[in-house]
Amino acid sequence: MKQNVASKFGQGLTPRQFVEGMTKNQQAFESWYEKFTWEDESDREYFESLNHRDDLRVLILAADWCGDVVRNVPVVFRILETAGMKTEVLILEENLDLMDNFLTMGGRSVPVVIFADTGGYVLGHWGPRPEHVQSLMREFKRENPDREAADYDSKITEVRKAMGQAYGEGTESHAVIVKELRSLISGF
């Protein structure tokens with residue numbers, strides 16, 4: 001049976017309310033939002049073509065302290081604005097019940113972008129980061145399952161640095177997120 005998130009509809013913040021309510025990283029978030037551009041015109045056209053669809057709803061689990069939220073959600077906001085999709089942001093700490101249905105490798109990682117139909121049935125989700133960045137963390141977790149190991153902290157610091165490099169210095173990951181969301185949504 002498909003998961004249903006209808007009980008969360010109307011419980012979240014608008015994207016603007018989320019940004020205005022940020023107590024951490026607001027300036028960086030807004031900077032990434034402003035830097036977004038469509039690298040591929042066909043992607044922009046695809047998302048614009050979704051404006052006629054009123055059968056999709058989006059819930060985004062997020063926290064303003066999270067670097068992946070600051071980097072990725074501005075791009076997601078831009079994409080969803082172009083698509084005209086009704087979007088709500090749910091704060092992680094206030095929605096652990098939902099978060100625990102969308103764990104990443106057993107952990108609470110945000111953002112999670114949840115696509116549902118108007119009845120609340122989950123069609124798919126994306127996050128917490130682009131696949132080429134997430135694959136580094138997956139490999140790390142596979143090779144370092146013991147969080148209590150003496151070298152765990154130094155190794156996770158290394159993988160986080162590698163993940164930052166995988167994101168790139170600028171907006172390189174934006175086009176990747178666009179392609180991943182296009183691929184996902186094309187399946188509904």
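Reply: Let us begin with a loop: Thr-37 is found in the loop between α2 (26-35) and α3 (41-49). Please keep in mind throughout that this is a predicted model.

Me: Why does Thr-37 count as exposed?

Reply: The relative accessibility of Thr-37 is 52%, and exposed means over 50%, so Thr-37 counts as exposed. As for its place in the fold, the C-alpha atoms of Thr-37 and Val-70 are separated by 17 Å, although these residues are 33 residues apart along the chain.

Me: What makes Thr-82 buried?

Reply: Thr-82, which lies in helix α4, has a relative accessible area of 18%, and buried means under 20%, so Thr-82 is buried. Not counting residues up to four places away in sequence, Thr-82 touches Trp-38, Arg-44, Phe-47, Glu-48 and Asn-51.

Me: Why is the pair of Phe-36 and Trp-38 called edge-to-face?

Reply: The structure holds 7 aromatic pairs. In the pair of Phe-36 and Trp-38 the ring centres are 5.1 Å apart and the planes are at 85°; rings pair if their centres lie within 6.5 Å, and planes over 60 degrees apart count as edge-to-face, so this pair is edge-to-face. Ring pairs also link Phe-36, Trp-38, Tyr-46 and Phe-47 into a cluster.

Me: How do you know that Arg-78 lies over the face of Tyr-33?

Reply: Arg-78 is at 4.0 Å from the ring centre of Tyr-33, and the distance part of the test asks for a value within 6 Å, with a further condition on the angle to the ring normal. Lys-35 likewise lies over the face of a ring, that of Trp-32, at 4.9 Å from the ring centre.

Me: Which residues touch the most other members of the largest nonpolar core?

Reply: Of the 48 residues in this core, Phe-18, Phe-29, Phe-47, Ile-60, Phe-77 and Met-85 touch the most other members. Helix α4 (residues 67-83) supplies the largest share of this core, 9 residues. Met-85 touches Leu-50, Leu-56, Val-58, Leu-80, Phe-115 and Ile-185, not counting residues up to four places away in sequence. A second, separate core of 8 residues includes Val-133, Ile-156, Val-159 and Tyr-167.

Me: What makes β2 and β4 the edge strands?

Reply: The sheet is open, and its 4 strands come in the order β2-β1-β3-β4, with mixed pairing. Strands β2 (86-91) and β4 (122-126) each pair on one side only, and they are the edge strands. From one strand to the next, the twist averages 20°.

Me: How do you know that β1 and β3 pair?

Reply: Two strands pair if there are at least two bridges between them, and strand β1 (residues 56-62) and strand β3 (residues 112-117) pair over 6 bridges, in the antiparallel sense. Val-58 stands opposite Phe-115 in β3. Helix α4 packs on the sheet, touching β1, β2, β3 and β4, and its direction makes about 165° with that of β1. Helix α8 (residues 172-186) packs on the sheet too, touching β1, β3 and β4.

Technical notes
Residues numbered from 1 in each chain as written. Predicted model: local features only at pLDDT ≥ 70, side-chain atom pairs only at ≥ 80, totals over all residues. Heavy atoms only, no water. Core = buried A, V, L, I, M, F, W, Y, C linked by side-chain atoms within 4.5 Å. Buried < 20%, exposed > 50% of the residue type's maximum accessible area, 1.4 Å probe, protein only. Helix = DSSP H or I, 4+ residues; strand = E, 2+ residues; numbered from the N terminus. Contact = heavy atoms within 4.5 Å. Phe/Tyr/Trp six-rings, centres within 6.5 Å; stacked < 30°, edge-to-face > 60°. Lys NZ or Arg CZ within 6 Å of the ring centre and 35° of its normal. Axes fitted to C-alpha atoms, helices over the stretch in contact; angles between N-to-C directions.
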